[in-house]
Amino acid sequence: MTAPTKIMLIACGSFNPCTPMHFRMFEIARDHFNQMGTAEVVGGIVSPVHDSYGKKGLVSASHRCTMIKIGLQSSDWVRLSDWETQQEEWTRTRLTLQYHQNYINSVLKDSNSINDQQIPSWLPEGLNKMTGHVQLKLLCGADLLESFATPGLWKDEDIEAIIGQHGLVVISRAGSNPEQFIFNSDLLSRYRRNITIVTNWVTNDVSSTLVRRLLGRGLSVKYLLDDYVTEYIKKHLLYGSSAT
Ligand SMILES: Nc1ncnc2c1ncn2[C@@H]1O[C@H](COP(=O)(O)OP(=O)(O)OP(=O)(O)O)[C@@H](O)[C@H]1O
Ligand SMILES: NC(=O)c1ccc[n+]([C@@H]2O[C@H](COP(=O)(O)O)[C@@H](O)[C@H]2O)c1
C-alpha cells in the first residue's frame with residue numbers, strides 16, 4: 001500500500017479578529033482527509049494579511065498576530081506565520097503560497113540548510129525528518145472561493161496557479177453552494193480535481209464582521225470568541241470596545 005500524500009494547509013485572511021471558526025476550519029479539513037484516507041495533514045498555517053491590505057477597520061498586524069497566538073494556544077498543529085505581515089506591502093495569495101511551499105521544499109531537501117535559530121515557528125515539528133513531498137494547499141471558506149468571481153480582485157493566472165500548482169480546500173459556509181459555483185466557472189471546472197470541498201455539517205456563521213459589530217455596540221461576544229482573545233481586545237480597546 002502506498003503512503004497517503006502529505007499535505008499542509010494554509011489559511012489566508014484578515015483575522016480581524018480571529019474567531020474559533022477560523023481554527024475549526026483546520027480540524028474539519030483534517031478530519032475529512034483522515035476519513036477519506038486520501039492525505040495525511042502534517043501541519044496548518046494561519047497567515048494574516050498585511051496592514052496595507054487596507055480593509056476598513058483592520059487593526060494592526062501586531063494585534064492580529066497576538067490574538068491568533070492566543071487563540072491557537074490549545075492547538076498542537078496549527079501555527080501562525082507572520083511572514084505576510086513582515087513584508088513591505090500586501091502580498092498576493094499566490095506568492096504567499098509559493099513562499100511557504102518553497103521553504104517547506106528547502107527543509108525537506110536539506111534539513112541542514114537552516115539552523116535552529118532560523119527555523120520559523122510556523123514549520124511543523126519533525127518536518128525535516130519527513131520523506132517525500134509535502135504539498136501546501138490553500139484552506140478557505142466558501143466565501144473566499146466565491147470572491148474569485150469579483151471583477152478585478154484576483155488575476156486568472158493566480159487562481160490557476162493556486163489551484164493547479166497547490167490545490168484548494170473549501171469549507172462550506174452557511175448560504176454557500178461551492179459545487180454550483182465551481183460548475184459555473186470554466187476555469188475552476190478545469191481544475192476540479194485539485195479542489196476539495198468539505199461539508200461543514202455544523203455550519204456556524206460567526207464572522208469577524210459580526211464580532212466587531214457586537215464589540216462596537218458594547219454587546220457580549222462571550223461564547224463567540226476565545227475568552228482570552230476577548231480579554232486582549234478589551235485590554236487594548238480594539239474595535240470600539242470598552243474595558244468592561
Ligand atoms: N464561519 C465560517 N465558516 C467557514 N469559513 C469561514 C468562517 N469564517 C471565516 N471563514 C474563512 O476564514 C478565512 C479567513 O477569513 P477572514 O479573516 O476574511 O474572516 P471573516 O470572518 O470572513 O472576516 P470579515 O467578516 O472581516 O470579512 C476565509 O477563508 C473565510 O472564508
Ligand atoms: N489577488 C489576490 O491574491 C487576492 C485578492 C483578494 C484577497 N486576497 C486574500 O484573501 C484574503 C481575504 O481576506 P478578507 O476576506 O478578509 O478580505 C486575504 O488573505 C487576502 O490577501 C488575495
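This is a predicted model: local features need pLDDT of at least 70, side-chain atom pairs count only at pLDDT 80 or more; totals for chains, interfaces and linings use all residues.
**Entry 1: two helices.** I began with α4 and α6, which are roughly parallel to each other. I had looked up the angle at which they pack, about 30°, and the distance between their axes, 9 Å. Angles under 35 degrees count as roughly parallel, so the description follows. Helix α6 covers residues 156-166, and α4 covers 93-109. I noted the crossing of α4 and α6 as left-handed.

**Entry 2: the contact.** I next asked which residues of α4 meet α6. From α4 I listed Thr-93, Arg-94, Leu-97 and Gln-101; from α6, Asp-158, Ala-161, Ile-162 and His-166. I divided the residues of this contact into 3 nonpolar, 3 polar and 2 charged.

**Entry 3: ligand 2.** I then turned to ligand 2 and found 13 residues surrounding it. The closest are Cys-12, Gly-13, Ser-14, Arg-92 and Thr-93. I saw that α4 supplies at least two residues of this shell, as does β1 (5-13). By type, I recorded 6 nonpolar, 3 polar and 4 charged residues around ligand 2.

**Entry 4: ligand 1.** I counted 20 residues around ligand 1, of which Gly-13, Cys-140, Gly-141, Ser-208 and Thr-209 come nearest. The elements giving two or more residues to this shell are β1, α1 (20-36), β4 (134-141), α5 (142-146) and α9 (208-216). Which element gives the most to the shell around ligand 1? I found that α1 does, with 3 residues. I sorted the shell around ligand 1 into 8 nonpolar, 9 polar and 3 charged residues.

Note on methods. Residues are numbered from 1 along each chain as its sequence is written. Chains are lettered from A and ligands numbered from 1 in the order in which they are written. A residue is near a molecule or strand if its C-beta atom, placed from the backbone, lies within 6 Å of it. Helices (H or I, at least four residues) and strands (E, at least two) are DSSP runs, numbered from the N terminus. Ala, Val, Leu, Ile, Met, Phe, Trp, Tyr, Cys and Pro count as nonpolar, Asp, Glu, Lys and Arg as charged, and the others, Gly among them, as polar. Axes are lines fitted to C-alpha atoms, for helices over the stretch in contact, and angles run from 0 to 180 degrees between N-to-C directions. Angles under 35 degrees count as roughly parallel, over 145 as roughly antiparallel, 65 to 115 as roughly perpendicular and the rest as oblique. A crossing is left-handed if the near helix is turned anticlockwise from the far one by less than a right angle, and right-handed if clockwise. Two residues are in contact if their C-beta atoms, placed from the backbone, lie within 7 Å.
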